[in-house]
Amino acid sequence: MGAAVEVTELAKVINERIIVDRITFSVEQGEIFGLLGANGSGKTTTFNMLSGLLAPSSGTMTILGKSEKELRKSRPEIGFVTQENSFYETLTVRENLEFFASQFGIPGKETGAMVKKLLGQMKLADKTDVLAAKLSGGMKRRLNMACSLVHDPKVIFLDEPTVGLDPIVRRDIWAVIEELNSEGKTIIITSHYMEEIEHLCDRVAIMFAGRIVASGTPKELKERYKLKQMEDVFAHLMKPVV
Ligand SMILES: Nc1ncnc2c1ncn2[C@@H]1O[C@H](COP(=O)(O)OP(=O)(O)OP(=O)(O)O)[C@@H](O)[C@H]1O
Ligand SMILES: [Mg+2]
């Protein structure tokens, strides 16, 4: 299978500050790929460029073979689950899903089946008619995820999907991610939880100050730096080179 995502020398400069500094990586179709890095290292900015929210300053990217120019016209095959919840608190769970389905141009007759599937997959079936504002933190994260998947995207960007969740809810979300992956979806995930990354990811890239400073499988990285834990690898790479 070919690459789902190919990024070459991608950069973003905002107010003369280099936020993402010529990063290069590729993700194969069907992979779960982790983008790691300290707070402020440029992960969300990278996702914003890949999902079309932000124009790159330079470099190229292709998603499922589509160039940046083609992607600008439409990105129907991408789902972006944002770091901050992006649904409407004043709508119910079902109303949110139906609203996002209409935004993605899903035909009305297909919406019902997709909403039903997502309600089941995200364990929200018994919350269908509850206002989003009334959901627990874990349910909100699951609704946030569901809203970005209503158009059945092939490539899914997950920006810290389990931040602030208890270990049980986190594992529920891992199971959903694994299920989506087993359906053939390519997943690119950011997280600060190393056990999550080791559990889910085939390969990772680690960012520091806008640059990719290491990439490989978690096992390869531990061997490369002769460290037993991914957390130690991460800490090792976060030390600025002097
Ligand atoms: N629109 C913007 N204007 C100015 N600075 C920005 C803008 N967007 C991002 N930045 C800055 O770019 C840097 C990288 O931000 P980004 O959100 O991409 O980091 P991150 O790796 O996702 O961090 P976190 O782990 O905290 O989510 C930060 O210092 C941030 O303040
Ligand atoms: Mg971020």
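Before going on, a word on the source. This is a predicted model, where local features need pLDDT of at least 70 and side-chain atom pairs count only at pLDDT 80 or more, while totals for chains, interfaces and linings use all residues. Side-chain values use heavy atoms, without hydrogens and water, residues are numbered from 1 along each chain as its sequence is written, and chains are lettered from A and ligands numbered from 1 in the order written.

Back to the sheet. Its 3 strands form an open sheet in the order E2-E1-E4, with antiparallel pairing. Strands are DSSP E runs of at least two residues, helices H or I runs of at least four, both numbered from the N terminus; two strands pair if DSSP finds at least two bridges between them. E2 (17-28) and E4 (58-63) are at the edges with a single partner strand each, so one side of each has no neighbour in the sheet.

E1 (residues 3-14) and E2 run antiparallel, joined by 8 bridges. Within that pairing, Lys12 is opposite Val20 in E2.

Thr44 sits in helix H1 and Gln83 in the loop between strand E5 (78-81) and helix H3 (93-103), 39 residues apart. Thr44 has a relative accessible area of 27% and Gln83 28%. Both count as partly exposed, meaning between buried (under 20%) and exposed (over 50%), with a 1.4 Å probe and protein chains only.
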